[in-house]
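Let's take a friendly walk through this structure, with a look at its pocket, its backbone and one of its helices. Please keep the view open as you read.

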Amino acid sequence: MILPHNNDWVRGAGAALSDMLDGFRNLPFLSLSLLEPSSTALILVDLVNGFAKEGPLASPRIGSLVGASAELLRRCRQRGITCIAFADTHTPDSLELQSYPSHCLRGSEESALCAELEAVGGYLRIDKDSTNGFVEPAFERWRDEHPAICNYLVVGDCTDICVSQFTLTAKAYYNSRGLPSRVMVPVTMVDTFDGGTHHADLLNVVSLYMMQGGGVELYQSILE
């Protein structure tokens, strides 16, 4: 691609972003009671201390998701919906650490799921050593063992990295096999970190737009 002139790009991008935001403000709400428990899984993405509470990649924006996510976990358990909690977990030689500061090392407090989730319990923890939980071998094995589950309700972080990769890969996987599926994201329950050129609000909007274009269903929030 040819890089655009800065001023022209900013003006055009600003108008496009404004239109995206207007569309997101009119998103519907998702009713949890309308989801069939036998075919649905709640996916909690990386609600670990290392992103929510402590460490070089921790962010208060991620921390603010934990309480509502724990409550959603409780509600899903009451309805008999399967719950999976991905937890970023690395070794010192993990290849991902070539791109990010050392974080969430196995056995550390950073790799532990947030206490609010642990207090609710009832989930399957899957450690992940990459940014895309859908391709983790443990998740692939679980998916093969639970072919009836093809609908995913996804919350957590980061919108532009692990959440977008999981959701878009999930839709592509089922579409490529001609299998109906739903991948659902309540926009108030995903977020990313802020810092430097990593502008959280901008990347949230762009990532949600890309997810929507890939067939992911976006919702304002979740009703009973």
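A residue counts as buried when its relative accessible area is under 20%. Keep in mind that this is a predicted model.

**Backbone points to look at**

Cys104 has a relative accessible area of 1%, so this residue is buried. You will find Cys104 in the loop between strand E3 (82-88) and helix H5 (115-120). Its phi is near 50°, a positive value in a residue other than glycine. Most residues other than glycine have a negative phi, and most peptide bonds are trans.

Asp46 also has a positive phi, near 55°. Asp46 sits in the loop between strand E2 (40-45) and helix H2 (49-52). Is Asp46 buried or exposed? With a relative accessibility of 0%, Asp46 counts as buried, because the cut-off for that class is under 20%.

The table puts the two residues side by side.

| Residue | Phi | Relative accessible area |
|---|---|---|
| Asp46 | near 55° | 0% |
| Cys104 | near 50° | 1% |

A peptide bond deserves a stop as well. Asp157 and Cys158 are joined by a cis peptide bond, with omega about -10°. Cys158 belongs to the loop between strand E5 (151-157) and helix H7 (159-176).

Continue into helix H7, where Thr167 is found. Thr167 has a relative accessible area of 0% and is therefore buried. Which residues does Thr167 contact, leaving aside its neighbours within four places in sequence? They are Val154, Val183, Val185, Met211 and Val216. The side chain of Thr167 also has a polar atom that lies 3.1 Å from the backbone oxygen of Ser164.

**The largest pocket**

Rolling a probe the size of a water molecule over the atoms shows where empty space is left. In this model, the largest pocket has a volume of about 210 Å³. Its lining is made up of 13 residues, and those nearest the centre are Val187, Val190, Asn204, Val205 and Leu208. Helix H1 (6-25), strand E7 (190-191) and helix H8 (200-213) are the elements that each give two or more residues to this lining. Which element provides the largest share of the lining? That is H8, with four residues.

What kinds of residue line the largest pocket? Sorted by class, seven are nonpolar, three are polar and three are charged.

How values were computed. Residues numbered from 1 in each chain as written. Predicted model: local features only at pLDDT ≥ 70, side-chain atom pairs only at ≥ 80, totals over all residues. Heavy atoms only, no water. 1 Å grid on protein atoms, 1.4 Å probe; cavity = no way out; pocket = protein on both sides within 12 Å on 5 of 7 lines; lining within 4 Å. Points joined across faces, edges and corners; volume = space filled by probe spheres on them. Nonpolar A, V, L, I, M, F, W, Y, C, P; charged D, E, K, R; others polar. Buried < 20%, exposed > 50% of the residue type's maximum accessible area, 1.4 Å probe, protein only. Polar contact = N/O pair within 3.5 Å; in protein donor to acceptor, adjacent residues only side chain to side chain. Contact = heavy atoms within 4.5 Å.
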